[in-house]
There are 2 protein chains.
Amino acid sequence: MTRAARPAGKVTIAEVAQLAGVSKGSVSLAMNDKPGVSAATRRKVREAARELGWLPNQAARSLSSATTQVSNVGLVIARPARMLGLEPFYMEFVSGIESVLAERSHSLLLRLVRDVAEEIDVLDGWSRSRQISGSVMVDFTLDDPRVAAVAALGLPVIAVGHPDLTGGLPSVWTDDAAAVTEAARYLAALGHRRLARVAGPARLGHTALRSEAFTRAIADLNLEPARILTTDFSGEQGARATRALLSSARRPTAILYDNDIMAVAGLSVATEMGVPVPAELSLLAWDDSQLCRLTHPPLSAMSHDVFAFGAEVTRRLMDLVGRGETEHGPAPTPVLVPRGTTARAR
Amino acid sequence: MTRAARPAGKVTIAEVAQLAGVSKGSVSLAMNDKPGVSAATRRKVREAARELGWLPNQAARSLSSATTQVSNVGLVIARPARMLGLEPFYMEFVSGIESVLAERSHSLLLRLVRDVAEEIDVLDGWSRSRQISGSVMVDFTLDDPRVAAVAALGLPVIAVGHPDLTGGLPSVWTDDAAAVTEAARYLAALGHRRLARVAGPARLGHTALRSEAFTRAIADLNLEPARILTTDFSGEQGARATRALLSSARRPTAILYDNDIMAVAGLSVATEMGVPVPAELSLLAWDDSQLCRLTHPPLSAMSHDVFAFGAEVTRRLMDLVGRGETEHGPAPTPVLVPRGTTARAR
């Protein structure tokens with residue numbers, strides 16, 4: 001199938017050097033990922049080696065790979081695999097991470113686990129076997145056991161979460177409390193008195209922070225007490241929560257969702273139940289993926305560039321790995337983008 | 001911040017063994033990923049080591065990590081990072097891969113690249129540094145240069161693509177030609193005479209295979225010649241293509257989309273342009289993520305369980321890595337699932 005049919009052992013480094021048009025020393029440097037040869041030479045050498053079916057001496061490779069600077073970045077997510085595919089957030093976040101890693105020829109080592117105990121074991125194993133040079137950590141909970149564990153590992157990490165949750169780890173977060181307060185104020189200014197929120201899982205720290213800020217804002221604005229329904233972030237549970245809210249005796253006139261897929265589902269439920277949006281019901285999504293611009297009417301959203309957020313998190317991790325320090329602080333606060341699903345209350 | 005303030009060098013293996021309540025031999029086995037200790041013991045030992053801030057002897061670790069069986073699986077995707085986050089397909093596919101890897105405590109090494117030349121370099125580098133034991137390859141094109149390159153590398157791979165494209169590599173594919181033919185026949189049986197297709201990028205092999213089968217089916221069914229518009233798979237381009245089709249003099253009465261996000265966008269465009277679905281226009285999506293069930297009306301689709309597909313691809317790769325051989329053949333053909341967006345032509 002290829003030209004490599006001839007036994008690989010019979011090929012010499014001199015032949016590879018000749019085919020690539022470089023010295024034997026350059027072949028060695030290129031094949032062992034050492035500095036001192038250009039990217040173009042490295043590519044020519046690898047192509048020649050592949051063409052001849054040549055591999056450097058096995059023992060030398062072991063030695064060399066043990067001392068090679070590892071530059072993978074880890075990401076462990078404790079979430080059921082089926083759920084992960086359903087939320088636009090993670091794919092945009094991972095894409096943002098990859099956009100920065102790709103510039104530096106780094107890769108992402110991705111793992112799904114059942115719980116944080118398993119996550120700690122995975123980070124420990126990756127760190128000890130030096131498969132990663134640092135890790136991004138997500139989904140912090142109150143009193144998260146991972147904080148002490150990764151500090152003990154000495155592994156560079158960037159925690160995606162509010163400092164109230166990440167216990168001193170270098171952190172990046174969005175000011176969700178400010179954003180949720182802005183959303184409640186805007187809906188109140190449009191004359192809405194009965195708000196509701198379709199939230200993420202209660203165990204997640206950022207859900208708790210948003211719920212607390214939402215409840216406080218409702219009280220400060222003298223609105224009717226607001227219902228908060230928690231979900232698993234899926235469209236199905238978003239649809240179910242919306243049906244429950246719209247079937248209740250005193251149905252809300254405005255609903256804030258914790259992600260975009262649930263808001264899309266909520267808009268469909270309103271259509272299915274004959275509740276005109278935005279005439280009788282305002283809907284506000286969170287995160288603002290392209291989905292929000294594809295519905296009819298397009299969804300108003302608390303817009304958060306998740307791709308840029310993933311990229312920023314990764315740039316900070318690269319700083320931490322390379323220089324031992326990085327900027328510590330929030331990413332831009334989500335911004336309210338009114339589109340077709342929010343209007344004055346009747 | 002942690003109890004590891006005491007210099008790590010002063011801690012002995014005996015202290016770790018004592019804290020974990022196991023023998024020194026068990027500590028060694030557990031910390032070096034050797035068989036012979038239970039998962040519970042391994043966890044206890046690692047917790048004790050972390051608590052004491054103990055690391056096994058550095059030289060021993062190098063030796064051990066050099067001989068440790070590497071069990072990461074690679075996936076390189078040549079697509080702009082921004083695009084990746086927009087399509088539900090990849091996240092569901094990656095989730096399916098992770099579902100199988102997680103069962104075996106394996107991780108996915110993920111990398112975005114600009115082109116196939118860079119992809120070959122990445123696979124070469126991963127393979128030589130033994131960071132992966134095998135790889136999943138996607139997005140095959142006609143005369144794909146990766147086929148000969150990975151064969152020369154000797155790296156176990158599963159190619160996701162039709163054997164016409166993957167040149168003898170172990171492959172998994174869906175019979176897209178059969179599915180697209182079924183879709184055309186169904187729409188013809190509903191009385192539609194003017195079909196159109198909003199397709200993916202022309203450079204992708206599976207787009208070409210679908211286009212060929214679609215054109216042949218239209219001819220066999222004696223329907224009017226069908227327009228095929230190619231896109232980058234994004235909702236925006238799906239919306240634009242749908243606007244173009246619905247603005248044309250002889251607009252189609254049925255449109256088949258190459259993914260789900262473009263079908264969602266198409267449905268919104270029909271609503272925006274006042275074309276009732278399904279009364280005057282039938283729409284058929286592909287892949288059938290949860291999105292298709294969240295629109296109103298819900299989208300009819302050529303249903304393909306992408307999560308299960310990713311899992312099957314990974315199981316075959318694990319066979320190939322473990323036993324040196326695997327089953328070769330198609331995954332289940334996408335099945336037509338009629339919902340609310342297909343009806344008899346008027």
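Strand 2 (residues 108-113) of chain A and strand 2 (residues 108-113) of chain B run antiparallel and are joined by 3 bridges. Within this pairing, A:Leu108 finds its bridge partner in B:Leu110 of strand 2 of chain B. The model described here is a predicted one.

Chain A contributes 71 residues to the contact and chain B contributes 73 residues. The size of an interface is often expressed as the accessible area lost when the parts come together. Of the area that chain A buries against chain B, 13% is supplied by A:Arg50, A:Met91 and A:Arg128, more than by any other three residues.

Turning to the polar side of the interface, 19 residue pairs are in polar contact between chain A and chain B, counting pairs with both residues at pLDDT 80 or more. On the side of chain A that touches chain B, helix 7 (residues 116-128) of chain A provides the largest share, 9 residues. The residues of that side of chain A comprise 29 nonpolar, 25 polar and 17 charged.

Charged pairs also link the two chains: the count between chain A and chain B is 2 salt bridges. One of these joins B:Arg82 to A:Asp305, whose closest N and O atoms are 3.2 Å apart.

Notes:
Residues numbered from 1 in each chain as written. Chains lettered and ligands numbered in written order. Predicted model: local features only at pLDDT ≥ 70, side-chain atom pairs only at ≥ 80, totals over all residues. Heavy atoms only, no water. Contact = heavy atoms within 4.5 Å. Buried area = accessible area lost by both parts, 1.4 Å probe. Salt bridge = Lys/Arg side-chain N within 4 Å of Asp/Glu carboxyl O. Polar contact = N/O pair within 3.5 Å; in protein donor to acceptor, adjacent residues only side chain to side chain. Helix = DSSP H or I, 4+ residues; strand = E, 2+ residues; numbered from the N terminus. Nonpolar A, V, L, I, M, F, W, Y, C, P; charged D, E, K, R; others polar. Pairing = 2+ DSSP bridges.
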